[in-house]
Amino acid sequence: MSITPEQTTWFQETFAKLVDNVEQVVLGKRHVIELAFTAMVSEGHLLLEDFPGTGKTSLARAMGQTVQGSSTRIQFTPDLLPGDVTGITVYDQSRGEFEFHQGPIFANIVLADEINRASPKTQSALLEVMEEGQVTVDGVSRPVGVPFLVVATQNPVEQAGTYRLPEAQLDRFLLKTTLGYPDHAATVRILEGTASAKRELTPVITPQGVVSMADLARGVYLNGLVLDYIARIVEATRLATEVRLGVSVRGAIALTKAAKTWALAHGRSYVVPDDVKALAEPVLAHRLILDPEAEFDGVTAGAVIGQVLLDTVPPAEKETV
């Protein structure tokens, strides 16, 4: 079913309102906020890696306030147990039966703060819920509801007491991005008190509204030539000499879903090659495992994706409409 112009306009305007609302708190980072909501509407998860004090937690909290749903925060520490995330089954003596107590993962938006501080055992508790939207405890599977978004943060410079995220978990994040430091004008506004990290935002959409946006995004037209372009990009990452492990099929699907959302957010009911180019690095770079020698020489995953985009010829835009 094709998307009507009215639906396209509604999606574009609603998406802009979501971004505008969060930008009241996270100043001067509109592009990053757009990427964050692209992950949400594409039914994926977001990984924010940046230096301490750049606003990662503020962005996640603001997203939770913007959606009129439930949001929780889990502070990941080395002693955090899987049950602290998913919940546990407790025996109720008065009733003579076991009762399940939900963990903080049961929310629409879950802020996983400093996710790389938890042990691999606790990290594994997230694999099922991030992929399937459900938690299995004592053999019983329980859905966490929709929409469901994990916004995880980690600091790249703090190595003591941290664990490297397993590749299987990294692959479950639809995109990874960084906030970076604000520019001079934004810094002055922050210092003036224009934006406060503790400021309460007014919700602008309900969880059902997010589900409706996701349903619309799935219906965006994607020409076979664009699909071929995405497939060639993914295959090129696997053949790159600097890469030990290229992008998986899950990564190709993630890029396809994100490109549809990105196109609709920019007022188009069809995907063009520029949408794919805009999202290739944040969606694909964190899925690459580089050759150790290439890493030692200073090669980055972002640089590999950039070279792949240069080497992969896109179809003409007029052929993809």
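In helix H9, the residues Val226, Tyr229, Ile230, Ile233, Val234 and Thr237 are buried, where buried means under 20% relative accessible area, exposed over 50%, and partly exposed in between (1.4 Å probe, protein chains only). They cover an arc of only 130 degrees around the axis, which puts them on the same side of H9; the arc is that of the directions from the helix axis to the C-beta atoms. The model is predicted: local features need pLDDT of at least 70 and side-chain atom pairs count only at pLDDT 80 or more, while totals for chains, interfaces and linings use all residues. Residues are numbered from 1 along each chain as its sequence is written, and side-chain values use heavy atoms, with hydrogens and water left out.

**Helix H9 and its surroundings**

- Helix H9 comprises residues 224-239; helices (H or I, at least four residues) and strands (E, at least two) are DSSP runs, numbered from the N terminus.
- The 16 residues of H9 reach 23 Å from first C-alpha to last, close to the 22 Å expected at 1.5 Å a residue; the expected span is 1.5 Å times one less than the number of residues.
- The cover over the buried residues of H9 includes strand S10 (243-245), H10, helix H11 (273-284), H13 and helix H14 (317-320).

**Val304 in helix H13**

- Val304 belongs to helix H13, which runs over residues 301-311.
- Val304 has a relative accessible area of 5% and is therefore buried.
- Between Val304 and Thr237 there are 7.6 Å in space, C-alpha to C-alpha, although they are 67 residues apart in sequence.
- Neighbours within four places in sequence aside, Val304 is in contact with Ala240, Glu242, Val243, Leu288, Leu290 and Val299, contact meaning heavy atoms within 4.5 Å.

**Helix H1**

- Helix H1 (residues 5-23) has 19 residues, and its first and last C-alpha atoms are 27 Å apart, close to the expected 27 Å.
- The buried residues of H1 are Thr8, Phe11, Thr14, Phe15, Leu18, Val19, Asn21 and Val22.
- Viewed down the axis of H1, these buried residues fall within an arc of 165 degrees, so they line one face of the helix.
- Pro5, Glu6 and Lys17 are exposed on the face of H1 turned away from its buried side.
- Helix H2 (30-41), helix H3 (56-66), helix H8 (207-218) and helix H10 (249-265) are among the elements that cover the buried residues of H1.

**Helix H5**

- The 13 residues of helix H5 (residues 120-132) should span 18 Å at 1.5 Å a residue, and the end C-alpha atoms are 19 Å apart, which agrees.
- Thr122, Gln123, Ala125, Leu126, Val129 and Met130 are buried in H5.
- Those buried residues pack against helix H4 (82-86), strand S6 (134-137), strand S8 (149-154) and helix H6 (167-170).
- After H5 comes Gly133, with a positive phi near 70 degrees.

- The protein chain is assigned domain 1 (1-219) and domain 2 (220-316), with bounds that come from an automatic or database domain assignment.
- The C-alpha centres of the two domains lie 23 Å apart, and 26 residues of domain 1 are in contact with 23 residues of domain 2.
- Domain 1 and domain 2 bury about 2100 Å² between them, 59% of it on carbon and sulfur atoms; buried area is the accessible area (1.4 Å probe) that two parts lose on being put together, summed over both.
- On the domain 1 side, Thr8, Asp171 and Leu174 lose the most area to domain 2, together 24% of what that side buries.
- Three salt bridges are found across the interface of domain 1 and domain 2, a salt bridge being a side-chain nitrogen of Lys or Arg within 4 Å of a carboxyl oxygen of Asp or Glu.
- The side chains of Arg250 and Asp171 form a salt bridge at 2.9 Å, N to O.
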